[in-house]
Amino acid sequence: MARPTRPLLSRARIVAAALALVDAEGLAALSTRRLAAVLGVSGPSLYNHVATKDELLDAVVDAVLAEVDLSMLDAAPAWRPALEAWARSYRAALTTHPNIVPALPLSLGRRPNALRLADAVFGALVDAGWPRREATHVGALMRYFITGASLGSFAAAFPADAAVYTDAYPHLTEAHLLAPRQREIDEAAFTTGLTALLDGLELRFAALRG
């Protein structure tokens, strides 16, 4: 029996192709018609594996969330280093796939890895002694911070033309130097924010136990 000339269609192959498309062109490029063309198949054949575009988007986002390391949250000896390591892993996944960030707040209940992530963070905090209500707030706070830090680059937003800032913006005379140092500045900003956030949470944790 002759071997197929094209790899067999599967849900995993569809999701991988959809993620590659979103990475390259953004969420607006994701459609069943476009994806079928990328895969070299007919549109209806996709529906044997993914029923709707919403289901496809959920699967793509959940594939990215599967990249987040949760191992440090399992029976962590201390909540702060575990939360910090998890936050860095979460941001690394999102900065690798920044185009999916706007879709993160949607449809949590249809994304198993999203629920697994929420369960791991909440469980680690409660096991460490945080009250359940506070653990919910901390989990939400961390998600807001990490998502916001992954939406785009602060440094890259500044034009590299020094003439843009002349006279009109006297405090931004070196802003044209930011874009070339984008990665360094964005990493330092994330670290500064994460440290400040965790410092504040340590004070709150001490007060709650106090």
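Predicted model: local features only at pLDDT ≥ 70, side-chain atom pairs only at ≥ 80, totals over all residues.

Biologist: Which residues does UniProt list for "domain: HTH tetR-type"?

Modeller: The unreviewed UniProt entry lists residues 8-68 under that name. In the model that span is 66% helix and 0% strand, and its end C-alpha atoms lie 28 Å apart.

Biologist: And where does UniProt put the "DNA-binding region"?

Modeller: The unreviewed entry gives residues 31-50 for it. Over residues 31-50 the chain is 60% helix and 0% strand, with 12 Å between the end C-alpha atoms.

Biologist: What lines the largest cavity?

Modeller: The lining is made of Ile-14, Thr-32, Leu-35, Leu-46, Tyr-47, Val-50, Thr-52 and Leu-56. By class, these lining residues divide into 6 nonpolar and 2 polar, with no charged residue.

Biologist: What about the largest pocket, how much volume does it have?

Modeller: The largest pocket has a volume of about 360 Å³. It is lined by 16 residues, and those closest to its centre are Arg-91, Thr-95, Ala-149, Gly-152 and Asp-186. The elements that give two or more residues to this lining are H5, helix H7 (132-150) and helix H8 (182-209).

Biologist: Which element gives the largest share of that lining?

Modeller: H8 does, with 7 residues in the lining of the largest pocket. Sorted by class, the lining of the largest pocket has 6 nonpolar, 6 polar and 4 charged residues.

Biologist: And what is the volume of the second largest pocket?

Modeller: The second largest pocket has a volume of about 280 Å³. Its lining consists of 17 residues, of which Leu-117, Ala-118, Gly-139, Ala-140 and Arg-143 lie nearest the centre. H4, H5, helix H6 (112-127) and H7 are the elements that give two or more residues to the lining of the second largest pocket.

Biologist: How does the lining of the second largest pocket split by class?

Modeller: The lining of the second largest pocket has 13 nonpolar, 2 polar and 2 charged residues.

Biologist: Changing topic, where does Asp-69 sit?

Modeller: Asp-69 is in the loop between helix H4 (53-65) and helix H5 (79-96). Leaving out residues up to four places away in sequence, Asp-69 touches Trp-86 and Ser-89. The side chains of Asp-69 and Ser-71 are joined by a polar contact of 2.7 Å. Asp-69 and Ala-85 are 16 residues apart in sequence, while their C-alpha atoms are 8.6 Å apart in space.

Biologist: Why does Asp-69 count as partly exposed?

Modeller: Asp-69 counts as partly exposed because its relative accessibility is 34%, and that class runs between the 20% and 50% cut-offs.

Biologist: Last one, what is the phi of Asp-167?

Modeller: Asp-167 has a positive phi of about 70°, although it is not a glycine. Most residues other than glycine have a negative phi.

Biologist: Where is Asp-167, and is it buried or exposed?

Modeller: Asp-167 lies in the loop between H7 and H8. It is exposed, with a relative accessible area of 72%.

Methods: Residues numbered from 1 in each chain as written. Heavy atoms only, no water. UniProt positions renumbered as here; feature names shortened; annotations may be inferred. Helix = DSSP H or I, 4+ residues; strand = E, 2+ residues; numbered from the N terminus. Buried < 20%, exposed > 50% of the residue type's maximum accessible area, 1.4 Å probe, protein only. Contact = heavy atoms within 4.5 Å. Polar contact = N/O pair within 3.5 Å; in protein donor to acceptor, adjacent residues only side chain to side chain. 1 Å grid on protein atoms, 1.4 Å probe; cavity = no way out; pocket = protein on both sides within 12 Å on 5 of 7 lines; lining within 4 Å. Nonpolar A, V, L, I, M, F, W, Y, C, P; charged D, E, K, R; others polar. Points joined across faces, edges and corners; volume = space filled by probe spheres on them.
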